[in-house]
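Please keep the viewer open as you read.

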Amino acid sequence: MSRPILSTDAPPREPATRTHRASPELLLAEQHHMCPGCGEPLAARMILEAIEEMPEIEGAIGVVGIGCYTGFAMSMDVDTIQALHGRAPSLATGAKRMRSDALVFTLQGDGDMVNEGLQEILHTAARGENVTCVLLNNGVFGETGGHMTATTVIGQRTKNSLDGRDAAYHGHPILIGDLIACLDGASYVARSSVHDAKGVIRTKQMLKEAFASQLAGAGFSFVEVLTMCPTGWFIPTAEGPGYLDEVMGSVHVTGELKRDGKRVSPSGSSAGGR
């Protein structure tokens with residue numbers, strides 16, 4: 001049924017009617033403890049919206065790592081398992097092998113996954129475990145005060161790289177999505193960003209593709225989501241989205257990296273997909 005287009009040059013004559021919920025049913029509480037401007041709540045919400053929009057999902061199990069996002073487990077109406085540092089992919093492997101009927105996903109930060117759990121994620125992907133791992137990548141150890149991680153880009157300022165990451169001194173960042181895409185066990189690999197509305201929608205689309213791949217039994221799937229952390233970047237809150245797009249997005253290029261087990265080139269040259 002078509003809906004009338006209302007003029008906005010004057011107040012409406014009739015009261016507005018809510019046509020659907022403003023938040024996903026799986027989201028138990030909209031309040032969170034994250035810093036102003038943090039992008040992780042957006043990513044977590046997209047996970048729940050993706051699950052709700054796929055009726056073929058009858059049950060979901062989330063395995064949560066340790067980081068700022070850990071508290072989301074209390075506000076997500078799905079079964080959750082708390083993992084030790086970096087161990088979420090291994091726990092997800094066990095959960096999926098015991099509950100092959102359930103959708104199993106991990107929720108981890110770049111410090112948890114790429115610093116502390118690099119072995120776990122790579123071996124899980126190489127084995128082709130039929131789980132979906134979701135990375136919230138902001139390039140800092142946010143929970144411990146904004147220290148550099150393995151994904152911090154060259155020149156990025158963190159608490160222990162105040163003059164910016166120096167390749168000669170600190171080494172180069174690990175592009176974890178590109179690394180996983182090289183593994184034969186990975187079926188679907190994508191990288192998105194939540195710095196603007198378009199990026200948020202793309203994030204949900206990629207999550208749905210990853211979940212569909214898991215439900216089809218295609219093997220390991222992975223979605224990396226670039227998220228804002230203005231507190232850890234030492235910048236004003238309002239500058240977070242632009243910084244994410246221009247600094248992190250120019251290195252961790254967004255787009256699909258692998259689909260149906262075949263490598264593809266990501267679209268665009270920045271987090272905005274341009």
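Lys-208 and Glu-53 form a salt bridge, with their closest N and O atoms 3.0 Å apart; the term stands for a side-chain nitrogen of Lys or Arg within 4 Å of a carboxyl oxygen of Asp or Glu. This pair links distant parts of the chain: Lys-208 sits in helix α7 (residues 197-215), while Glu-53 lies in the loop between α1 (40-52) and β1 (60-64), 155 residues apart. Helices (H or I, at least four residues) and strands (E, at least two) are DSSP runs, numbered from the N terminus. Lys-208 is partly exposed, with a relative accessible area of 27%, and Glu-53 is partly exposed as well, at 39%. Here buried means under 20% relative accessible area, exposed over 50%, and partly exposed in between (1.4 Å probe, protein chains only).

A note on the source: this is a predicted model, in which local features need pLDDT of at least 70 and side-chain atom pairs count only at pLDDT 80 or more, while totals for chains, interfaces and linings use all residues. Residues are numbered from 1 along each chain as its sequence is written, and side-chain values use heavy atoms, with hydrogens and water left out.

How many salt bridges does a search of the whole structure find? The search finds 12. One of them joins Glu-120 to Arg-87, with the closest N and O atoms 3.7 Å apart. Glu-120 belongs to helix α4 (residues 118-126) and Arg-87 to the loop between β2 (79-82) and α2 (88-98), 33 residues apart. Glu-120 is buried, at 13% relative accessible area, whereas Arg-87 is partly exposed at 38%.

Glu-224 and Arg-191 also meet in a salt bridge, at 3.0 Å from N to O. Elsewhere, salt bridges that share partners join Arg-45, Glu-49, Glu-53, Lys-204 and Lys-208 into one network.

## Nonpolar cores

The largest nonpolar core has 44 residues, and those with the most contacts inside it are Ile-47, Ile-51, Phe-105, Leu-207, Phe-211 and Trp-233. Such a core is a set of buried Ala, Val, Leu, Ile, Met, Phe, Trp, Tyr and Cys residues joined through side-chain atoms within 4.5 Å. The elements that give two or more residues to this core are α1, β1, β3 (103-109), β4 (132-137), β7, α7, β8 and α9 (240-248). Its largest share, seven residues, comes from α1.

Leu-207 touches Met-46, Ile-47, Ala-50, Val-134 and Val-223, not counting residues up to four places away in sequence; contact means heavy atoms within 4.5 Å.

## Two polar residues

Gln-108 lies in strand β3 and is buried, with a relative accessible area of 0%. Its side chain makes a polar contact of 2.8 Å with that of Asp-112. A polar contact is a pair of N or O atoms within 3.5 Å; within protein, one must be able to donate a hydrogen and the other to accept it, and residues adjacent in sequence count only if both atoms are side-chain atoms.

Glu-256 is found in strand β9 (residues 255-259) and is partly exposed, at 22%. Polar contacts join its side chain to those of Tyr-188, at 2.8 Å, and Arg-259, at 2.7 Å.
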